[in-house]
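Please look through the structure below before reading on.

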Amino acid sequence: MTHPRVWLITGASRGLGRAFAESALAAGDRVVAAARDTSPLEDLAARHPDHLVPLPLDVTDRQGVFAAVDRAAAAFGRLDVVVNNAGAMLYGMVEEATEEQIRAHMDVNFFGAVWVAQAVLPHLRAQGGGRLLQVTSMGSGGGMATVGFYGAGKAALDSVSEALAMEVEGFGVKVTIVQMGGYNTSLFTAGTTNTEPQARYQPLRTEMEAMWGDAVPPEPETAAPVIMELAALPDPPRRLIVGSQSFDHVLQMGQARAELHRSWEHLSRLAPG
């Protein structure tokens, strides 16, 4: 991979995206930092005028995504690492969510990521390769009350990214599903849409809020070194869990699911398919 590398990072104005952009710049790389609102990037652009290009981008606008990606590729002449990071949270029970809320959520967390992937692939293929990091979640392997739609969007992206990795590897494009743990970002504040609570779910809502607890999650900067090392690997994994506690939780969830399958194996094997 060329040095310095050129990064395109979506959702780069805050949280994990901002942390990844700052780490890439600190390494001497160039960054196209895409966000719906690029004003929070003004200070970073002022400090790195020759290495950072803020790029207004609404990932839900497919035509706009393709045009923006063309501008991103032209900014520094190529794209080496694309971090498909833009996302949002829809918080509430499945029954509470409106059609508008659900569709808007999936437009960002699933369709938006797909549009970015489709738009960058011609550029990566034409230059003979590149990296595409698909940011999903440590919880994408299963649903959980109050965050079901977030998990659903990430699970859909997870599955599509598995297929995509197989489809583009022959062109030199390496796809990695990055299953992020919980970090101290604004996802649960500025990035959250809340459903209208129904009283019938209040006991469960209270139980879930107690389970989340009051512990402050780690800062996003602590995850950035992992992304930097991942992007530099000559043969990166197709899937990587980011976060020590998240690693343990994902393994525990997998073991619990395997035990559930085994406990009902007798019923599953009654069918020949």
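A salt bridge is a side-chain nitrogen of Lys or Arg within 4 Å of a carboxyl oxygen of Asp or Glu. By this rule there are 15 salt bridges. One joins the side chains of Arg 5 and Asp 29, at 3.0 Å from N to O. Arg 5 sits in the segment before strand 1 (6-10) and Asp 29 in the loop between helix 1 (15-26) and strand 2 (30-35), 24 residues apart. Helices (H or I, at least four residues) and strands (E, at least two) are DSSP runs, numbered from the N terminus.

The model is predicted: local features need pLDDT of at least 70, side-chain atom pairs count only at pLDDT 80 or more, and totals for chains, interfaces and linings use all residues. Residues are numbered from 1 along each chain as its sequence is written, and side-chain values use heavy atoms, leaving out hydrogens and water.

Helix 3 (residues 62-76) meets helix 4 (residues 99-126) through contacts (heavy atoms within 4.5 Å) that involve, among them, Val 65 and Phe 66 on helix 3 and Trp 115 and Val 116 on helix 4.
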